[in-house]
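Good morning, and thank you for joining this group meeting. May I ask you to turn to the screen, where the sequence and the structure will be shown together.

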Amino acid sequence: MKPIPHQALITTIEIMAILVGAFSGFIEARRKRMDLVGVFTVAFITAFGGGTLRDILLDKRPLFWVLHQEYAILIFFLALVATPLIRTLRQMVSERLIVIADAIGLGLFAVAGVSQAQAAHMPLFIASMMGVITGIFGGVLRDIVCNEVPMVFRDGQPYAICAFFGCWLFIALQYFHFSDDFCLWASAAFITMLRLITWKFELRIR
Amino acid sequence: MKPIPHQALITTIEIMAILVGAFSGFIEARRKRMDLVGVFTVAFITAFGGGTLRDILLDKRPLFWVLHQEYAILIFFLALVATPLIRTLRQMVSERLIVIADAIGLGLFAVAGVSQAQAAHMPLFIASMMGVITGIFGGVLRDIVCNEVPMVFRDGQPYAICAFFGCWLFIALQYFHFSDDFCLWASAAFITMLRLITWKFELRIR
Amino acid sequence: MKPIPHQALITTIEIMAILVGAFSGFIEARRKRMDLVGVFTVAFITAFGGGTLRDILLDKRPLFWVLHQEYAILIFFLALVATPLIRTLRQMVSERLIVIADAIGLGLFAVAGVSQAQAAHMPLFIASMMGVITGIFGGVLRDIVCNEVPMVFRDGQPYAICAFFGCWLFIALQYFHFSDDFCLWASAAFITMLRLITWKFELRIR
């Protein structure tokens, strides 16, 4: 089997994370009773906000969603379809499903962030911060637009902390020269697992 | 008559939009009982916020208001003059006048945004998004600073949607090789008209 | 005595301002009952937010905290230590001490901002605005994240205005060819003094 090139793999992971992010954005915007414009914008900000902030901080252009307008268009049409179906869809989607999708998104985004930061030769601690920023700032910007104190800063759940440990796992695995594939998938899976375990057992850090 | 060059025309439109934006920012900040610093900052953010966000996303520098410090200075002195006159001015300015000025600003900003994005060779859907962002994010950032859920995301009025259709009108007119002047003014006028019509008939989209 | 080079002096001032900013961020986040992630992030945003916004507007990279990851690490460990000690530390820190530390930070940040903007050949009014932005937007972003209308825009205290006058003092001193050292320290001291005097006598500007 031919090895998947590093950049292509990161792109694949980022695409999966974006779709999961948009999904969680839709659900939040619907809960806030926003109109079509709000639903699209909040979904877009939740999906692309973390990565966009990272790219602005790293001064990386063009932005992912500028290069791949198909994702913006996809979210646009999903918003058109989803907005009138609010009540029906809300009943179909359980709290558990949202948490699981969000945990997968956290892992994928954070690992995409730390690997992009390492590709841009950031120092290690900054690279781990960029991973966490990519993982959590979609949700932070969503909460700011929705006029709430960001959930991730106040609920005491180890959400950002899971991403932080996973980013350092990624850095450690890379240091010991594991394959890029393994580093990326193992770290993303680690973050998702850690998030789901801490959620299941209702761990809190104050 | 000598034809007006494209970039000069865009600049003229952007200047008009900025003055209208600052005007609407003054009125909002006065309503929130902000002090002089708040009035200036909110007027400045409302006037330049959308274009600044667009330029950061496109990585375009220097920013418009850095190149033309005279507009920043103008808003500064307007804030100095306007702030002590809050009550008098508020009685003089009717709801209708604010909506009309805002509709003109929306058209001018959105068209300036989509044409700048096309000049930067953005793909079409992204260019239309940049137009909408330029048109509405001054107001969005104003509402975030004023600690409110952005009006444009929740009131169901087709505000961003007017800008969106106007941006696609601009793209279509350009595709059929109409003159730059005609594309810009026709699209801006279309957006302003559409906004005023939907406001007059109290249309809502949910 | 060998003269201190200009850039090195600005860097030294910026470092001092960052430590003071993080300190004030800790106190605010603790007051909001945020968790560890919130305390670190709010301290980080308060310390680096103004300078980061300035650097994004000027398109200056790498960012200060990317070049000097030791400050991010320092704030990280301070957050780890400070968060569990909330109550004890809150009783030890008086209102007066916070105001004084904040006034010193305001002076240092604003002067660092205006001198960086001048080094980037900004026009004078924009340079003074960059100074004020560097001085106040750490606190503005902190208040936005904490879901409050930024204090600096609504309390009528001449906070941003002190920074504004100090930035013009810096520009004037430079115009008359005073040494870089003198320009920087005199302007920073002027801002701190002016802020403390206006606070002591409870001056308000509406």
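First, the conventions. This is a predicted model, in which local features need pLDDT of at least 70 and side-chain atom pairs count only at pLDDT 80 or more, while totals for chains, interfaces and linings use all residues. Residues are numbered from 1 along each chain as its sequence is written, and chains are lettered from A and ligands numbered from 1 in the order in which they are written.

Let me begin with chains A and B. Two residues are in contact if their C-beta atoms, placed from the backbone, lie within 7 Å. By that criterion, 21 residues of chain B meet 17 residues of chain A. On the chain B side, helices H2 (36-58), H7 (124-145) and H8 (159-175) each contribute at least two residues; helices here are DSSP runs of H or I with at least four residues, numbered from the N terminus. H7(B) gives the most to this side, with four residues. The side of chain B that touches chain A comprises 15 nonpolar, two polar and four charged residues. In this scheme Ala, Val, Leu, Ile, Met, Phe, Trp, Tyr, Cys and Pro are nonpolar, Asp, Glu, Lys and Arg are charged, and the others, Gly among them, are polar.

How far apart are the axes of H2(B) and H7(B)? They lie 7 Å apart, at an angle of about 140°; axes are lines fitted to C-alpha atoms over the stretch in contact, and angles run from 0 to 180 degrees between N-to-C directions. Among the residues making this contact are B:Gly49, B:Gly50 and B:Gly51 of H2(B), and B:Gly138 and B:Gly139 of H7(B). By class, the contact has 10 nonpolar, eight polar and two charged residues.

I turn now to the copies.

Finally, A:Leu67 is found in helix H3 (residues 64-67) of chain A.
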